[in-house]
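Please walk through this protein chain with its sequence and structure in view. The tour begins with a pair of helices, then turns to the sheets.

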Amino acid sequence: MKKKLLGVLLCVAMSASMLAGCGGGNNKADNKQEAGDDANAGDDANAGDDANAGDDANAGDDANAGDDANAGGDENTLNVWCWDPKFNIYAMEEAGKMYQKDHPDFNLNVVETPWDDIQKKLTTAATGGALDTLPDIMLVQDNAFQKNVISFPEAFTDLTSSGVDFSQFGEAKTAYSVVDGKNYGVPFDNGAVVACYRTDFLEEAGFKVEDFTDITWDDYLEKGKVVLEKTGKPLLSCQSTESDVIMMMLQSCGASLFDEEGKPNMVGNESLKKVMETYQQLVETGVCKLVNSWDEYVQTLTTETVAGTVNGCWIMASIQSADDQSGKWALTNMPKLVGVEGATNYSNNGGSSWAVTSNCKNTELAFDFLKTTFAGSIELYENILPSSGALATYLPAGDSDVYGEPSEFYGGDAVFKKITEYAGQIPSNNTGVYYYEARDAIATAIQNVVGGSDIDTELEIAQSTVEGLMEQ
């Protein structure tokens, strides 16, 4: 009964997420960050949403995706669910081609399935006892991975002894798909946080990008005031209804909204309080500009409204959609919190990992395929980077010549190598089953704080809200 209740909660949470997205809430950002659309978006500000939409014209076929995924398979065929033809699907198909060179009988059947549909189908299969409708491999958003494994352990295959060397990935990235010390996912795309700046605006204010490297948020605030005064440009922008900046700051010091037992940890969480105080100062001083939607956020970057941004590295695609700004941007690490134990200049926002389901008919083949490609081939990541912008969290790829090539858009800097190095230094955090509910509660709390409410009071309300949901 407990698992069935969790399944219902998952469905309710997903429905609420979809409604919020339709209503222009923070889910456009969530989709773009977490669905792994990332740096492939390239051509327009809404590419992340378009990819996540899963080609709405094909929505009628989604209901049969489970059947398609398992159609006509044999012991040499792996059926895969993932989304976004230009990013995740492209990467998976390239991995299939690579593996097939040494395994000529191997076949890969990739079914385009939007993340929301994967979540629904997984929930339905697990709660309805229909695990045979699942594919062999599916892509799972990192922030939802633990939630799904904890809720539906019978749907996932333990990969701990699969032969994958998980030490070759960033520790924080790997941690997203670890439950009770066991690995359930092979890390894929990179959501490492970057700070991007307009070098011409910084120069106008008397700064260089080096002045914003390895700095604290206190430094950022003071320099941001100077940039605002000299140029009229805020250093940062974000949606007023989202908590992404809060979550990035929090993870940068290895802190979480939950304790090790999965209980809400908001009241008395000094790291979280410091984060909210810092965010409040950024907004009140004008160093951070609040906007109402994802589109408005992207426009602040492409129309030169702000002098920079801090976000997952996938935001680079939206920035690069403004071709006329090539050479005017630079990239470095994010600021770190002052007076917080474990504070670093590194964090994560978004990403996804590959899971092998319990319905996989040939786990030995699935293990070897993933171990050989996504968890073992620098060549694969070299091949997919130019066309898709699919940055690896596979650390050896950072030493690749392709990753070391300079980016003209970012002033000739080897940004791909730099971001891969960042990924290896991100502190891990605990997400758990109610991560999205907690994020939403904190998003409401910070809106109220900016509106004049007391931080401690809002944290008490947020924690009470999540505790109430957990007791249902």
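Start with helix α19 (residues 435-450) and helix α20 (residues 455-471), whose axes come within 9 Å and cross at roughly 155°. Axes here are lines fitted to C-alpha atoms, for helices over the stretch in contact, and angles run from 0 to 180 degrees between N-to-C directions. That angle makes α19 roughly antiparallel to α20 (angles over 145 degrees count as roughly antiparallel, under 35 as roughly parallel, 65 to 115 as roughly perpendicular and the rest as oblique). The crossing of α19 past α20 is right-handed, a term for the near helix being turned clockwise from the far one by less than a right angle.

Which residues of α19 and α20 meet? From α19 come E437, A438, A441, I442, A445, N448 and V449; from α20 come I455, E458, L459, A462, V466 and L469. Contact means heavy atoms within 4.5 Å. The residues of this contact divide into ten nonpolar, one polar and two charged. Ala, Val, Leu, Ile, Met, Phe, Trp, Tyr, Cys and Pro count as nonpolar, Asp, Glu, Lys and Arg as charged, and the others, Gly among them, as polar.

A word on the source: this is a predicted model, in which local features need pLDDT of at least 70, side-chain atom pairs count only at pLDDT 80 or more, and totals for chains, interfaces and linings use all residues. Residues are numbered from 1 along each chain as its sequence is written, and side-chain values use heavy atoms, with hydrogens and water left out.

The protein chain has 20 helices and twelve strands. Helices (H or I, at least four residues) and strands (E, at least two) are DSSP runs, numbered from the N terminus. Of the 472 residues in the protein chain, 57% are buried; buried means under 20% relative accessible area, exposed over 50% and partly exposed in between, with a 1.4 Å probe and protein chains only.

Now the sheets. Two strands pair if DSSP finds at least two bridges between them. Strand β1 (residues 77-82) runs parallel to β2, joined by six bridges. V80 has V110 in β2 as its bridge partner.

A second open sheet has three strands, ordered β10-β7-β11, with antiparallel pairing. Its edge strands are β10 and β11 (329-332). Neighbouring strands are turned by 25° against each other on average, direction ignored. Five bridges link strand β7 (residues 193-198) to β10, and four link β7 to β11. Look at C196: it stands opposite T309 in β10, and its bridge partner in β11 is L331. Five of the five residues of β10 (residues 308-312) are buried, so β10 is largely enclosed by the rest of the structure. Helix α18 (residues 415-423) lies across β7 and β11, at about 25° to β11.

End at N183, in strand β5 (residues 182-183). Is N183 buried or exposed? N183 is buried, with a relative accessible area of 10%. Leaving out residues up to four places away in sequence, N183 touches T157, D158, L159, T160, F166, T174, S177 and V178.
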